[in-house]
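Hello,

Here is the structure I promised to pass on. Please open it alongside this message.

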Amino acid sequence: MEFQHAPGRYFLEDDAGTLIAEVTYQPIDDGQNVVIDHTFVDPSLRGQGVAGQLVAAVVNEARATGKKIEPLCTFARHEFDTKPEYADVLRPVPED
C-alpha cells in the first residue's frame with residue numbers, strides 16, 4: 001500500500017478524496033526528534049495491518065533522517081512495545 005506524505009503525516013484517501021487512514025507526527029526537541037500523536041484507520045480497512053504500515057512509514061523516515069520517535073498515541077505505543085526492531089528509533093523518555 002502506498003501512502004501519500006505531507007509534512008507531519010502519512011495518509012490514504014479513497015477515490016472520492018475521503019481520508020481513510022492517517023498517522024500524524026510532530027517535531028519535538030527543537031526538531032531533532034518526533035512524536036507520533038495520532039493514528040486513524042477507517043473501519044473498512046481495519047484488520048489489514050494498515051495502521052502498522054503507517055507507523056512503519058514514520059519509523060523508516062526517522063531512520064533515514066537520524067531522528068528518534070516518542071510514540072504517544074496508544075496504537076504507536078503498542079507497536080513499539082511489541083516490535084523490538086523499532087528499538088533503534090525509540091526516543092528515551094527522560095526520568096522525572
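Predicted model: local features only at pLDDT ≥ 70, side-chain atom pairs only at ≥ 80, totals over all residues.

Residues are numbered from 1 along each chain as its sequence is written, and side-chain values use heavy atoms, without hydrogens and water.

**Sheet and helices**

Five strands make an open sheet, ordered 1-2-3-4-5, with mixed pairing. Strands are DSSP runs of E, at least two residues; helices are runs of H or I, at least four; both are numbered from the N terminus. Two strands pair if DSSP finds at least two bridges between them. Strand 1 (4-6) and strand 5 are the edges; each has a single partner strand, so one side of each has no neighbour in the sheet. Strand 3 and strand 4 run antiparallel, joined by eight bridges. There, alanine 21 sits opposite valine 41 in strand 4.

Helix 1 packs on the sheet and touches strand 1, strand 2, strand 3, strand 4 and strand 5. Contact means heavy atoms within 4.5 Å.

**Core**

The largest nonpolar core has 26 residues. Such a core is a set of buried Ala, Val, Leu, Ile, Met, Phe, Trp, Tyr and Cys residues joined through side-chain atoms within 4.5 Å. Buried means under 20% relative accessible area, exposed over 50%, partly exposed in between (1.4 Å probe, protein chains only). Tyr10, Ile36, Leu54, Val58, Ile69 and Phe80 touch the most other members. Helix 1 gives the largest share, nine residues. Beyond its neighbours within four places in sequence, leucine 54 contacts residues including Phe3, Tyr10 and Phe40.

**Charged pairs**

The whole structure holds six salt bridges. Each is a side-chain nitrogen of Lys or Arg within 4 Å of a carboxyl oxygen of Asp or Glu. Asp29, Glu70 and Arg91 form a salt-bridge network. Glutamate 70 is in strand 5 (residues 69-71). Glutamate 70 is buried, at 17% relative accessible area.

Aspartate 88 bridges to arginine 63, with the closest N and O atoms 2.9 Å apart. This pair links distant parts of the chain: aspartate 88 follows helix 2, arginine 63 is in helix 1, and they are 25 residues apart. Aspartate 88 is partly exposed, at 39%.

Glutamate 79 pairs with lysine 83 in a salt bridge, closest N and O atoms 3.3 Å apart. Glutamate 79 is buried at 6%, whereas lysine 83 is partly exposed at 24%.

Best regards

Methods: Axes fitted to C-alpha atoms, helices over the stretch in contact; angles between N-to-C directions.
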